[in-house]
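Here is a short report for someone meeting this structure for the first time.

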Amino acid sequence: MVNTNGKIDTTDAGVQANVSNSLRAGPRGYNLLEDTTVRKKMLHFDRERAPERVVHALGHGAYGEFESYGDWSNLSRACWMQQGAVSEVFSRFSVVVASVGGSESGRDTHGFATKIYSECGNQDFVGNHLSSFFINDGADFPDLIHAVKFEVDKGFPTGGTAHPTAYDFFDHHPEGAFQLMNVLSDLGIPRDVRHISGAGVHTFRFINAQSQSTLFKWFWLPKLGHRSLAYDEVTKIAGKNNNFQRVDLYNNIEAGNYPEWEFAVQLFPDDGTYMYKGYDLLIPTVIVPFEVNPPVKLGKLTLNRNFNNFFAEPESISFAPSNVVDGVSFVPDPLLQWRLMSYDDTSTHRHNSPNGYTLPINRPVAPVNNNYRDGYMQPYIFEGNSISTPNGIGGVQEPGQNATLQYAQASDWFAQARLFWGSLDVYARQHTVDAYRFELGNVGDATVVQAYIDNTINKVDNCLARRVAYGVGADMPAIGSGPMTNLTNATTPYPSLYPLNPGQEANKSNEGLTVAVVANDTLFTEAGFHAVMALLAPQKVSLAVVAPRIGELQTGVTANASYITTSSVFYDAIFIGSDGNGTTGAGLDLISMGFVMEAYGHGKAIGALGSDGAATLQSLGIANEPGVYSGADSTVTSDVLAALSGPVRFPQRFPVDDVSA
Ligand code: HDE
């Protein structure tokens, strides 16, 4: 680490110099060519940017540690999986489509990449937050990305798939129907990265000391559970704080709220077929539901330290699925196989050199001894003359290994998407229908829209296709022309497919959430503040006091946000302050009412504090709705906290299609 604070400015040759004044021919004269100092400063500035990642460009991350829960030597000889092993890690979170500077809350597949700096070398887990993918062959990846990024002849839309080339691609790749439906459900708009899973998508291979192979799929399961946004919030967050997710992670780590994930694996015997109970393990779009093969928890990831320098750490880190240690290996999945090449290649390009692995963020803690030499920016001075292997004159010595295999093919790409659709409750289904309507409603090319509805959605579910078509003005496929999922009681053999369904993760931790209280010069007294904080603080929930202006209010309470700086979309629940005199309703102006009602519209818990709370809610017309509470300050606070750990949101408030016809 380099610290330049308080030091005398120098040139990059270490010569003390003033680099803030140009050398000029007299006080009003031309700049002189001889000003080598400022010339170099400018030259460096001109080259400050490295190319952004071709995908997953927008990202951030943090350090932490991985701890093995036990002795997994029966599965693998990887050192980080052995009894008591604790390794340092860096995790980077990203979104696929948006470029640097975009909104990280946008609807997208989120990347979740982790580098374990273990004693036996770097082990990278480069996954996404969803367990399936859009394609099965790496040869299609450049086309997928060309199709989903902005339209090249227009330069828009950036950071989203609601346009013709994307849906034309999806139309030609039915194998992605399940993944796209996941992205279009509320799973595609997570609240932040502390509440997402990570998933490796492919099958990998463990190898133990006896050289026995066990196949596995890996997951990071968030100890905080899953939380998502409402789509309307996504659009507003993008406008007011497109860094919401990185701010959330950064602030929580600074506050000591370290997010944790359990490392869980589904294990499959390696009998040479790469099949498990009819599931093809070489097809990355095919998932094996947790109910069919429950994951086994092997360890824990904790993120507990923010980085120091954005460029040198999250931006310069190079992840690669090919970075595995001895004891972890691959399978012949044609998507994975191309990834084994592409990441090292892109790292070489981004760092303009194959020496990117020597950067502090990429360097293993394990010693590096090889014959890779020279090239741009080689930082090391190697001793000795022997730089070839094998050799007999004292250079590096080789270990050894390798294997070859083959795979089968599955074909009903819609069955898994149908299963997902059948796993959603009525509200989650509505959100997914709305997301299809948003995307296809923006595609603009009627042929592409109709093709996607007929060729994909209608093959997943006829009712879904008709609802989407109805909403975007396309021809509705005839009743019965596609499969009709029985959704009357929304039962599924695989509830794990949609962890956001109510009751699925009851009693979640509220750690790191933020609740806003609507205040002004009369509302929300210091007594109210203490009563609320007494219950929020132990659960590590923060309180934002939102008022017409920032600063101390006449009640003595300090407002830390105003209606100009903030928005209800940044908070997980809303309190309405009380003046303690029974006149709160009269104290709410239109802006604060709008603040509360927007949160209400997003399904959030609303708590009106004080004896006058019920009257306030009456005046807002929401007094008798679920998730709306009034009463004594402490009762209301407890109710809101319970709502946050339980249903989280009250989706009954969102409009739902009438599908009785
Ligand atoms: Fe990536 N992917 N990918 N990908 N990917 C990259 O590597 C690629 C795929 C994923 O925070 C790039 O360093 C190909 C699946 C994450 O730095 C690039 C194929 C999954 C990240 C690349 C895939 C991912 C990347 C761009 C198909 C989920 C961000 C910059 C054969 C399991 C890592 C870089 C970070 C980044 C190529 C498919 C996840 C170009 C060719 C499947 C999380 O190398």
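## A buried leucine

Leucine 644 is buried, with 22 other C-beta atoms within 10 Å. Buried means 20 or more such atoms within 10 Å of the residue's own, exposed means 12 or fewer, and partly exposed lies in between, with C-beta atoms placed from the backbone. This is a predicted model: local features need pLDDT of at least 70, side-chain atom pairs count only at pLDDT 80 or more, and totals for chains, interfaces and linings use all residues. Residues are numbered from 1 along each chain as its sequence is written.

Leucine 644 lies in helix α17 (residues 633-645). Helices (H or I, at least four residues) and strands (E, at least two) are DSSP runs, numbered from the N terminus. Beyond neighbours within four places in sequence, leucine 644 is in contact with Asn510, Leu513, Asp572, Ala573 and Ala605. Contact means C-beta atoms, placed from the backbone, within 7 Å. The C-alpha atoms of leucine 644 and leucine 513 are separated by 8.9 Å. Along the chain, these two are 131 residues apart.

## Two helices

Pro164, Tyr167, Asp168, Phe170 and Asp171 in α3 meet residues of α11, including Val448 and Tyr452.

## Around the ligand

Of the 26 residues around the ligand, Arg53, His56, Gly111, Gly138 and Ser342 come nearest. A residue counts as near if its C-beta atom, placed from the backbone, lies within 6 Å. Helix α8 gives the largest share of the shell, seven residues.
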